[in-house]
Amino acid sequence: MGSALVHVSIALPEEPSFPQTLVMPRAVPMGYGERPYDTFVGNVAAFSAKSDALAVTREEGAPRWRVGRAVRIEYDVDLARMERQILSAADASKVRRGYAGILGYSVFAFLEGKEDRPIRLVVQAPLGWPVLSTLAPEGGDLRASNYYALADSQVAMGPKLRVLPIPLSGEVKFPFYLALYAEGPVEEEQIARLAGSAMEKIIAYFGSTPFPHYTVHVELLAPISSEHQYFFSMEHLDSASFYLGKQEGPLPEGRTRYNFAHHFAHAWIPKRCYGEGYFPFSWELAPLIDTVWFSEGFAQYAAIAALASSEEERQQMLERRFRSTLRDAPAFLRRMNLRDLSLVASSRYGADFRTGSNSFSRGGLMAAEMDDRIRERTAGKKSLRDALRYLVEWSRKNQRAFKIEELPVRFGEATGVDTQDILERWLKPLD
Ligand SMILES: [Zn+2]
C-alpha cells in the first residue's frame with residue numbers, strides 16, 4: 001500500500017437549509033477518555049450542490065470545521081501518524097503492507113444535528129483487496145441506522161486479512177466471524193474455538209441474541225515501540241476488537257476465553273442496557289458516567305457466572321478479578337464512594353487503570369452478593385441472571401438509561417428479592 005491516508009467523502013442526499021458543522025470524535029463509546037482523532041484529519045474540503053468549493057473554517061481548539069451549506073465534504077485521515085501517536089493499540093487504526101484495520105470512530109466525522117440519520121457506507125479498497133465491514137460481515141450493502149452504529153463499526157481489508165466463520169454448537173445460529181490479522185504465528189483454530197465457546201455461554205446466560213451478526217476482530221501485532229500498549233480490548237454493538245502481543249505457542253485457555261466472554265457481555269451491558277451517559281453519546285468530551293461499576297462490574301460478573309463450571313471456580317474468579325484488586329487498593333481510592341470513583345474512571349479508566357479496576361471490582365462484588373441473596377431467598381429458583389435478563393428487556397422496551405435507584409426496583413420485579421441494602425452499602429466508601 002503506497003499511502004497510509006484514508007480518504008473520506010460524505011455526501012448528503014439534499015442541500016442542507018442552514019450551514020453545517022463537521023465534528024470529529026475525541027471521545028468514543030466505552031473509551032472512558034479522550035483520543036485526539038481530529039489531529040489526524042487534513043485537507044478538509046466542502047462543495048456546494050453545484051460542485052463549487054466552499055470556505056472551510058476550523059473552530060479554534062475544537063474538533064470542528066464549519067463547512068457551510070455543503071452537500072459533499074471530503075477529508076483525509078493519516079492512519080500512520082495516528083498509530084504512532086496513540087499509544088494504546090486498541091484506539092488506533094492500522095495500515096500494513098497487505099492489511100488495513102480501521103476503527104469507524106477514528107476516521108468518520110459527523111455533521112452536527114444529523115447524527116440520527118441513516119448512513120450508507122461505500123468502501124473503496126486497493127484493487128483486488130477483500131473487504132470486511134462489521135456492519136455486514138457476510139457481505140452485501142453496508143448500512144448503519146445512525147452515526148453511532150457507523151462510528152462503532154470496523155473495516156478490515158487486504159490479502160493478509162483472514163476471515164473465517166466461527167462454529168457455534170448450540171441451537172442459536174447467526175453469522176459469527178473471526179477477522180484475523182497476525183504478524184507472526186497464530187493459533188487461529190484455538191482463537192475461533194475459544195471465541196465460539198465464550199459466545200455460547202454468554203448467550204445462554206442472557207437468554208437472547210441482540211445483534212443480527214457478530215464479528216470478532218483480532219490483531220496480533222509486533223509492537224511498533226516499547227511505549228505502545230497491546231493488552232486492551234474494545235467492545236462494540238455487533239463486534240469486539242482484540243489486540244494481542246506476539247504469541248509463543250497457544251494462548252492461555254482460561255484467560256483468553258474469559259477475555260472474550262467479558263467483551264461479548266458488553267453487547268448486552270452497557271451497549272443495550274445502561275446507566276446515564278452512555279446514550280446518546282457525547283463525542284467531543286468523554287461523558288461523566290456514575291455507573292461504570294455497573295457497566296464493567298456487572299458485565300464481568302455475568303461473564304464469570306456464565307463461564308464458572310463450579311462454585312469453587314466462581315470463587316476463584318471473583319478472587320482473581322475483584323477481591324485481590326480491592327485488597328491492594330490505596331487508601332485514597334478506598335475512601336471514595338462508588339459514584340465518585342465511577343465519575344473519575346469514566347474519563348481516565350485506562351489512563352489510570354486503578355480507577356477502572358476499582359470501579360469494576362466493587363461493582364462485580366456487588367453483583368456477586370446480589371446473586372447469592374437472590375439464589376438463597378428463592379431456594380435456587382432465581383438468580384441475578386433473571387434480574388439482568390429482565391433489565392435488558394426493560395431497556396429494550398423503554399429505550400432509556402436506568403437511574404441507579406431503579407436497579408433494586410427492577411431486580412425486585414424480576415425476582416421478588418430486595419437487594420436495595422446491598423446496593424446502598426456498595427455505593428459507600430470502602431473505609
Ligand atoms: Zn469491560
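Which residue of β4 does F47 stand opposite? The first legend answers this, and every view below is drawn from a predicted model.

**View 1. The antiparallel sheet around strand β3.** Four strands make up an open sheet in the order β1-β7-β3-β4, and their pairing is antiparallel. Its edges are formed by β1 (5-11) and β4 (53-54), each of which pairs on one side only. Strands of a sheet pair through backbone hydrogen bonds, in either a parallel or an antiparallel arrangement. Here β3 (residues 41-47) runs antiparallel to β7 (residues 72-78), and five bridges join these two strands; A46 has I73 as its bridge partner in β7, while F47 stands opposite R72 of that strand. Towards β4, the antiparallel pairing of β3 extends over two bridges, and the residue of β4 that stands opposite F47 is A53.

**View 2. The hairpin turn between β3 and β4.** Five residues lie between β3 and β4 in the hairpin that these strands form, and within the turn S51 has a positive phi of about 70 degrees.

View 3. S295 is found in helix α6 and is buried, its relative accessible area being 0%. When residues up to four places away in sequence are not counted, S295 touches Y32, H266, I269, P270 and Y278.

**View 4. The bend in helix α7 and its buried residues.** Helix α7, which spans residues 311-327, bends by about 45 degrees at E319. Buried residues in α7 are R314, M317, L318, F322, T325 and L326, and what covers them includes α5 (253-265), α6, α8, α10 and α13.

**View 5. The buried side of helix α9.** In helix α9 (residues 338-348), the residues L338, L341, S342, A345 and S346 are buried. They lie on the same side of α9, because the arc that they cover around the axis is only 140 degrees. An α-helix has 3.6 residues a turn, so residues three or four places apart point the same way. Among the elements that cover the buried residues of α9 are α6 (292-307), α8 (331-334), α10 (353-377) and α13 (420-427). At the start of α9, a side-chain oxygen of N337 comes to within 3.0 Å of the backbone nitrogen of R339.

**View 6. E406 in the loop between α11 and α12.** E406 has its place in the loop that lies between α11 (384-398) and α12 (407-415). With a relative accessible area of 13%, E406 is buried, because the cut-off for this class is under 20%. Its side chain makes a polar contact with the side chain of R400, at 2.7 Å. Apart from neighbours within four places in sequence, E406 is in contact with W394, R400 and A401.

How values were computed. Residues are numbered from 1 along each chain as its sequence is written. This is a predicted model: local features need pLDDT of at least 70, side-chain atom pairs count only at pLDDT 80 or more; totals for chains, interfaces and linings use all residues. Side-chain values use heavy atoms; hydrogens and water are left out. Two strands pair if DSSP finds at least two bridges between them. Buried means under 20% relative accessible area, exposed over 50%, partly exposed in between (1.4 Å probe, protein chains only). The arc is that of the directions from the helix axis to the C-beta atoms. Contact means heavy atoms within 4.5 Å. A polar contact is a pair of N or O atoms within 3.5 Å; within protein, one must be able to donate a hydrogen and the other to accept it, and residues adjacent in sequence count only if both atoms are side-chain atoms. The bend at a residue is the angle between axes fitted to the seven residues ending there and the seven starting there.
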